[in-house]
Amino acid sequence: MAIKRWRKYLEAPVEAAPLAAFRIFFGLMMMAGIIRFWALGWIDKLYLQPAFHFTYFGFEWVQPLGLYTYALFAICGLAALGVALGFWYRLSSTVFFLSFTYIELMDKTTYLNHYYFVSVVSFILILLPAQRYFSIDARRNPSQAAQHIPRWSIGTIKLILGLVYFYAGLAKLNSDWLLQAQPLATWLPGRYDLPIIGGLLEHTWTHYAFSWAGAMYDLAIPFLLLYQPTRKFAFVLVVVFHVLTRLLFPIGMFPYIMIVSALIFFSS
């Protein structure tokens, strides 16, 4: 009986708007990331100029494609736009997953945690009915359109986001992070030139405050976002946390991706 109730809960119809909004924001952020990568000249610098690339075990066959590497990035960017628009959605999301993951696997020295996160989310999006609302596919083919989708469709994205935060929190529960304030004690003083907060970053108490606050934030934020009375406050924390990490650390588009992704916790 418990299994039946749980299944009924997961399959209950809910508004499709949050998933559609996630699809749009995710696709646009990915396209912006590809454009940024191209505009900064990183395709040539990271993939064409080096004579040797460090490959992943089992993926030694994944190599830059010479000048065709630009075409690979162009395909990835166009596929991201297709995801955002819900245009040939299944094909667009599949092409984006394959092309982005290929780019990620070309050289392990370019690895960032959020690249893996993007690959996982883009694969999951292939399986979700994210094109059924506010998409070109739904407009072209009304039989695909739906204002309601199963609850699990949105819950899956919430679960992935929750895991990202919660496991980041668990990873911080060690003596280096909590008792030695490392690596923040090493990293933060290097940002003394930041306006307003720069002077605070050289103090030891700041290193410990940031370390403990970061661990508590990661562990708590999934639950604060899930709980309706604390959701707005939690979203403010999300914005403050990720804007601050973007100012302090060179981690690309990840802070913006997490900010817009958190919107899926809100109602339609």
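Trainee: Why does threonine 101 count as buried?

Mentor: Buried means a relative accessible area under 20%, exposed means over 50%, and partly exposed is in between, using a 1.4 Å probe and protein chains only. Threonine 101 has 16% relative accessibility, so it counts as buried. Keep in mind that this is a predicted model: local features need pLDDT of at least 70 and side-chain atom pairs count only at pLDDT 80 or more, whereas totals for chains, interfaces and linings use all residues. Residues are numbered from 1 along each chain as its sequence is written, and side-chain values use heavy atoms, leaving out hydrogens and water.

Trainee: Where does threonine 101 lie, and what does it touch?

Mentor: Threonine 101 is part of helix H5; helices here are DSSP runs of H or I with at least four residues, strands are runs of E with at least two, and both are numbered from the N terminus. Not counting residues up to four places away in sequence, threonine 101 touches Phe96 and Ser119. Contact means heavy atoms within 4.5 Å.

Trainee: What does phenylalanine 96 contact, apart from its neighbours within four places in sequence?

Mentor: Its partners are Phe26, Met30, Cys76, Ala79, Ala80, Thr101, Val118 and Ser122.

Trainee: What makes a group of residues a nonpolar core?

Mentor: The members must be buried Ala, Val, Leu, Ile, Met, Phe, Trp, Tyr or Cys residues, joined through side-chain atoms within 4.5 Å. The largest such core has 55 residues, and Phe96 and Phe117 touch the most other members. Helix H2 (residues 17–39) gives the largest share of this core, seven residues. There is also a second, separate core of nine residues, including Leu184, Leu201, Leu248 and Phe249.

Trainee: Is phenylalanine 134 buried or exposed?

Mentor: Its relative accessible area is 62%, which is over 50%, so phenylalanine 134 is exposed.

Trainee: What makes a contact between side chains a salt bridge?

Mentor: A side-chain nitrogen of Lys or Arg has to be within 4 Å of a carboxyl oxygen of Asp or Glu. The structure holds four salt bridges. One of them joins glutamate 11 and arginine 7, whose closest N and O atoms are 3.1 Å apart, so the pair meets the 4 Å limit.

Trainee: Why are glutamate 11 and arginine 7 separated by about one helical turn?

Mentor: Because they are four residues apart in helix H1 (residues 2–11). Glutamate 11 is partly exposed, since 44% lies between 20% and 50%, whereas arginine 7 is exposed at 54%.

Trainee: How do you know that lysine 172 and aspartate 218 form a salt bridge?

Mentor: Their N to O distance is 2.7 Å, which is within 4 Å, so the pair qualifies. This pair links distant parts of the chain, 46 residues apart: lysine 172 is in the loop between helix H8 (151–171) and H9, and aspartate 218 is in helix H11 (residues 204–226). Lysine 172 has a relative accessible area of 15%, so it is buried. Aspartate 218 is buried too, with 3%.
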